[in-house]
Amino acid sequence: MISIVLAALLGLQATPIPPPEDPVDPYTQSNANAGATPFAGPGMLRAFHGKAGIARVVDELVTRSIADPRISDIFKGQDMVRLRRTLKEQFCFILNGGCDYTGRDMKASHKDLGLQTADFNALVENLQAAMRQEKVPFFAQNRLLAKLAPMKRDTVVR
């Protein structure tokens with residue numbers, strides 16, 4: 001009996017508890033805030049290897065972007081827990097993974113960041129590298145990038 005309790009306690013200790021997100025001002029949550037409509041059918045979700053693949057792509061994208069000297073300053077002082085969560089939701093929603101997006105719209109979430117075209121392009125390069133690492137087929141990479149490209153007008157200020 002004691003060994004079962006100890007095993008249960010050790011199991012609980014091994015489960016990482018994610019840090020809390022920073023509070024944000026209230027806003028209306030809507031999938032319309034994702035900035036794009038979902039793909040039809042399950043093909044794109046399969047190409048990204050399901051929700052687990054989406055999570056790996058987003059984690060790699062964020063890790064690369066934080067380490068990228070071209071854009072790393074943009075991420076300083078940002079809530080990275082929230083960023084990873086909302087990006088995963090956004091990609092999952094757009095890739096028709098059955099997720100809802102709970103983040104702010106693109107214009108509000110990028111307000112005051114002062115993003116330039118070069119920043120946007122660097123982020124796209126990091127996303128392409130993350131998708132290649134996940135072995136997402138090239139046609140699927142291009143289809144997702146085509147969905148994300150119009151967001152440039154709501155995220156870049158110059």
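# Helix packing and the nonpolar core

The buried residues of helix H7 are covered by a set of elements that includes helix H3 (50-67), helix H4 (72-75), helix H5 (80-94), helix H8 (138-148) and helix H9 (152-155). The model is a predicted one. Its largest nonpolar core has 34 residues, and helix H2 (43-47), H3, H5, H7 and H8 each give two or more residues to this core.

**Helix H7**

- The buried residues of H7 are Asp119, Phe120, Ala122, Asn126, Leu127, Ala129, Ala130 and Met131.
- An α-helix has 3.6 residues a turn, so residues three or four places apart point the same way.
- Just after H7, Lys135 has a positive phi of about 60°.

- H3 has 18 residues and reaches 26 Å from its first C-alpha to its last, close to the 26 Å expected at 1.5 Å a residue.
- Gly50, Gly53, Ile54, Val57, Val58, Glu60, Leu61, Val62 and Ser65 are buried in H3.
- These buried residues pack against H2, H4, H5 and H7.
- Two packed helices are described by the angle between their axes and the distance between the axes.
- The axes of H3 and H5 come within 9 Å and cross at roughly 135°.
- That angle lies between the roughly perpendicular range, 65 to 115 degrees, and the roughly antiparallel one, over 145, which makes H3 oblique to H5.
- The crossing of H3 and H5 is right-handed.
- On the H3 side, the contact is made by Lys51, Ile54, Ala55, Val57, Val58, Asp59, Leu61, Val62, Thr63 and Ile66.
- On the H5 side, the contact is made by Met80, Leu83, Arg84, Leu87, Lys88, Phe91 and Cys92.

**The nonpolar core**

- In soluble globular proteins, nonpolar side chains tend to be buried together.
- Within the largest nonpolar core, the residues with the most contacts are Phe48, Phe91 and Leu144.
- The largest share of this core, 6 residues, comes from H5.
- Leaving aside residues up to four places away in sequence, Leu144 touches Phe39, Met44, Phe48, Phe91, Ile94, Leu95 and Met131.

**Individual residues**

- Ser72 is in helix H4, and its relative accessibility of 16% is under the 20% limit, so Ser72 counts as buried.
- Ser72 touches Ser65 and Ile66, with residues up to four places away in sequence not counted.
- His49 lies in the loop between H2 and H3, and its phi is near 65°, a positive value in a residue other than glycine.
- At 37% relative accessibility, His49 counts as partly exposed.
- Asp112 is in the loop between helix H6 (106-109) and H7, and its phi is near 70°, again positive in a residue other than glycine.
- With a relative accessible area of 70%, Asp112 is exposed.
- Asp25 lies in the loop between helix H1 (2-14) and H2, and counts as exposed at 65% relative accessibility.
- Asp25 and Asp100 are 75 residues apart along the chain, and their C-alpha atoms are separated by 19 Å.

Definitions and conventions. Residues are numbered from 1 along each chain as its sequence is written. This is a predicted model: local features need pLDDT of at least 70, side-chain atom pairs count only at pLDDT 80 or more; totals for chains, interfaces and linings use all residues. Side-chain values use heavy atoms; hydrogens and water are left out. Buried means under 20% relative accessible area, exposed over 50%, partly exposed in between (1.4 Å probe, protein chains only). Helices (H or I, at least four residues) and strands (E, at least two) are DSSP runs, numbered from the N terminus. Contact means heavy atoms within 4.5 Å. A nonpolar core is a set of buried Ala, Val, Leu, Ile, Met, Phe, Trp, Tyr and Cys residues joined through side-chain atoms within 4.5 Å. Axes are lines fitted to C-alpha atoms, for helices over the stretch in contact, and angles run from 0 to 180 degrees between N-to-C directions. Angles under 35 degrees count as roughly parallel, over 145 as roughly antiparallel, 65 to 115 as roughly perpendicular and the rest as oblique. A crossing is left-handed if the near helix is turned anticlockwise from the far one by less than a right angle, and right-handed if clockwise. The expected span of a helix is 1.5 Å times one less than its number of residues.
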